[in-house]
Every structure is written in C-alpha cells, then in structure tokens.
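Open the model in your viewer and keep the sequence panel beside it. This tour goes from one selection to the next and says what is there.

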Amino acid sequence: MRALGTGTMLSVLALFGLLVSLPSVGAAQQLSTSRLNVDWAQTHGHQRLSWWSLNDEQQAAVRSSNIPVLLPGELVDSAGRLRITGGTDWYAASFKGDDHAVVVNGTTTVALLDGHRPDLPTLGEPLTPSRGEGIVGVDFEAFGAVYRVSVECYWAQDSRCAEDRYVLDLTAGLAFAEAARD
C-alpha cells in the first residue's frame with residue numbers, strides 16, 4: 001500500500017469515475033491505494049463474448065490487459081465504435097452513440113480511506129445506480145477487480161439516464177472478452 005497526496009489520488013480516481021463510492025475526505029483522514037489480486041479462475045463460469053466479434057484493435061487491447069475485460073455485448077461491433085484502452089492495472093471501454101455514451105472501467109487499484117475501502121456489491125448482487133451531471137452509473141466488484149459502468153445521455157429526459165433499467169441491463173449483460181487464464 002502506498003500513500004498518495006489527496007489531490008493526486010482524487011485526480012486518478014476521477015479519471016476512472018470511481019469517486020462515487022468514497023465519502024468526503026477530511027483534513028485528518030488519509031487517502032491511499034491498495035492493489036487487488038485478480039482471480040482468473042472466477043471468470044470460468046462468466047458469459048463470454050465471441051472473440052471474433054472484436055476487431056483487431058479491440059483484440060490487441062484486450063490481450064494486453066492484466067485484468068478481466070468486461071464489455072457490454074450489445075455494444076460490441078466490428079466497425080470499431082467501441083474503443084478499448086488500458087494500462088497495467090486498468091482498462092476503459094467506451095462507446096459513443098448518436099444520443100448517448102457508455103463507458104466501462106475496470107481496475108485493480110482501489111482507494112482506501114484511513115486504511116479501509118468502500119464496500120461494493122459483487123456482480124450478480126443487487127446494484128444501486130448513482131446519478132450526477134447527466135450520467136448514471138453502477139460500481140461493483142468481480143474477479144478481484146473493481147468495475148464501473150456509466151451511461152451519459154445527451155438530453156436529460158432520455159430514459160436511459162432518467163431510469164435505472166438501461167444501466168442495470170448493460171451491467172447484467174457484460175461479457176468476458178477473453179478466454180480464462182489460469
């Protein structure tokens with residue numbers, strides 16, 4: 001575990017949209033990070049995407065990931081509208097449609113506040129969406145990683161953001177994008 005300056009940590013977490021689960025950080029509180037361990041064996045029973053539904057660029061991004069890549073199967077297309085990028089301990093998949101955008105983030109780096117991390121539901125348990133600034137999202141844990149699915153609607157009355165169903169259905173339909181590792 002390594003301690004980071006509060007400003008640096010908040011910037012990193014904001015990048016991944018993972019601040020939703022953290023309470024306010026007071027001056028006397030310490031914010032740090034910890035690395036989770038991926039359990040590839042847990043992926044064996046999870047729904048999988050057909051590898052051939054991904055284009056070459058998407059396949060390369062998935063291959064380079066050190067964490068299980070979950071993608072919303074209904075948004076995967078070989079035309080490349082789904083972009084996947086990542087680093088050592090994170091990935092982000094983004095889809096931009098004509099009237100909304102979807103982002104799926106996954107990471108093995110979690111925030112600790114005074115040595116404790118927020119409790120998140122496990123994928124498959126009931127999820128509670130959060131809302132802010134025209135974005136609805138859900139946070140959860142799976143396979144030893146933390147994930148967030150976010151939907152941004154370009155007009156406030158869009159039911160995909162005004163109601164919970166779309167983000168919950170996308171999350172329930174997430175599929176593992178690579179064969180399990182042992």
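Select Cys153: this residue is buried, with a relative accessible area of 9%. Buried here stands for under 20% relative accessible area, exposed for over 50%, and partly exposed for what lies in between (1.4 Å probe, protein chains only).

The model is predicted, so local features need pLDDT of at least 70 and side-chain atom pairs count only at pLDDT 80 or more, while totals for chains, interfaces and linings use all residues. Residues are numbered from 1 along each chain as its sequence is written, and side-chain values use heavy atoms, with hydrogens and water left out.

Now show the sulfur atoms of Cys153 and Cys161: they lie 2.2 Å apart and form a disulfide (a pair of cysteine sulfur atoms within 2.5 Å). A disulfide is a covalent bond between the sulfur atoms of two cysteines. Turn the view to look along the S-S bond: the angle about it is 90°, and the link of Cys153 and Cys161 is right-handed. A search of the whole structure finds one disulfide.

Next, select Asn55, Glu57, Gln58, Ala61, Gly80, Leu82, Arg83 and Ile84. What do these residues line? They line the second largest cavity. Helix H2 (56-63) and strand S4 (82-87) are the elements that each give two or more residues to this lining (helices, H or I, at least four residues, and strands, E, at least two, are DSSP runs numbered from the N terminus). A cavity is a set of points on a 1 Å grid over the protein atoms alone where a 1.4 Å probe fits but cannot get out, and lining residues have an atom within 4 Å of a point.

Definitions and conventions:
On a 1 Å grid over the protein atoms alone, a cavity is a set of points where a 1.4 Å probe fits but cannot get out, and a pocket is an open set with protein on both sides within 12 Å along at least five of seven lines; lining residues have an atom within 4 Å of a point.
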